[in-house]
Amino acid sequence: MSARSKIIKPAGQEPDELELQVAQNVYDLEQNVPELKADLRALQFVAAKEIDNGHGKRAIVIFVPVPLLKQFHKIQTRLVRELEKKFSDRHVLLVAQRRILSKPVRNARVKQQRPRSRTLTSVHEKLLEDLVYPTEIVGKRTKVRTDGSRLIKVFLDRKDHTSLEYKLDTFKAAYKKLTGKDVDFEFPVSSVANE
């Protein structure tokens, strides 16, 4: 077993320097942290991207296969904390690598219907949930401005306010980079259901 085995790449594609660095750090954690060893052994990731959030801070977004996402969620808080120690000046985010299938056109012979989980809307919704995990989204509002542009306001669970406050700009920048949509993350002052 080596660090290279932590990356799943299609045949003929080579991992870049950042991906190798992330793989090496995950492999080191597997070897050196006994509590994470059993959980990390079977886990692999697909890709890693570096994103600039505009305030001189950078973030690393690690893409994991959808079938392994649940296993990553079990150890996500600990894994992210350890990786952020290794990459001291950067935040680390874990999201699933999902595929968007285009809308079938009239003249195409489609044997089966496109699954709901492969639509653009569904993939963007799931990406939002992945970004903010382990907290939950308690409400969402879409604000349409007079010029026609849209802003999505996402309300996160108030109980995670202290642990996630510093990452909100990173969430916003990562979602904008990955989907092209503007989003604002907030913690509601009162319950969203009362509005």
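1. Helices (H or I, at least four residues) and strands (E, at least two) are DSSP runs, numbered from the N terminus. By that definition the chain has 6 helices and 6 strands. From the N terminus on, their order is α-α-β-β-α-β-α-β-β-α-α-β.

2. The model is predicted: local features need pLDDT of at least 70, side-chain atom pairs count only at pLDDT 80 or more, and totals for chains, interfaces and linings use all residues. Residues are numbered from 1 along each chain as its sequence is written, and side-chain values use heavy atoms, with hydrogens and water left out.

3. Along the principal axes, the C-alpha atoms of the chain fill a box of roughly 55 × 50 × 30 Å. Of its 195 residues, 41% count as buried. Buried means under 20% relative accessible area, exposed means over 50%, and partly exposed lies in between (1.4 Å probe, protein chains only). Contact means heavy atoms within 4.5 Å. Among contacts between residues at least 6 apart in sequence, 60% join residues at least 24 apart.

4. How do helix 1 and helix 2 cross? The axes of helix 1 (residues 17–32) and helix 2 (residues 34–41) come within 6 Å and cross at roughly 125°. Helix 1 is therefore oblique to helix 2. Axes here are lines fitted to C-alpha atoms, for helices over the stretch in contact, and angles run from 0 to 180 degrees between N-to-C directions. Angles under 35 degrees count as roughly parallel, over 145 as roughly antiparallel, 65 to 115 as roughly perpendicular and the rest as oblique.

5. On the helix 1 side, Val26, Leu29, Glu30, Gln31 and Asn32 meet Pro34, Lys37, Leu40 and Arg41 of helix 2. By class, this contact has 4 nonpolar, 2 polar and 3 charged residues. Ala, Val, Leu, Ile, Met, Phe, Trp, Tyr, Cys and Pro count as nonpolar, Asp, Glu, Lys and Arg as charged, and the others, Gly among them, as polar.

6. A nonpolar core is a set of buried Ala, Val, Leu, Ile, Met, Phe, Trp, Tyr and Cys residues joined through side-chain atoms within 4.5 Å. The largest one has 28 residues, of which Val22, Leu40, Phe45, Ile62, Leu79 and Leu83 touch the most other members. Helix 1, helix 2, strand 2 (58–65), helix 3 and strand 3 (90–97) each supply at least two residues of this core. Another core, of 21 residues, lies apart from it and includes Ala47, Ile51, Ile152 and Val154. Leaving aside neighbours within four places in sequence, Leu83 is in contact with Asn25, Val26, Leu29, Ile62 and Val92.

7. A salt bridge is a side-chain nitrogen of Lys or Arg within 4 Å of a carboxyl oxygen of Asp or Glu. The count by this rule is 15. Glu50, Asp52, Arg58, Asp89 and Arg90 are linked in a network of salt bridges.

8. Arg78 forms a salt bridge with Glu82, with the closest N and O atoms 3.3 Å apart. Both lie in helix 3 (residues 69–86), 4 residues apart, about one turn of the helix. Arg78 is partly exposed at 24% relative accessible area, while Glu82 is buried at 12%.

9. Asp184 and Lys172 meet in a salt bridge at 3.1 Å, N to O. This pair links distant parts of the chain, with Asp184 in strand 6 (residues 182–186) and Lys172 in helix 6 (residues 168–179), 12 residues apart. Asp184 is partly exposed at 21%, and Lys172 is partly exposed at 38%.
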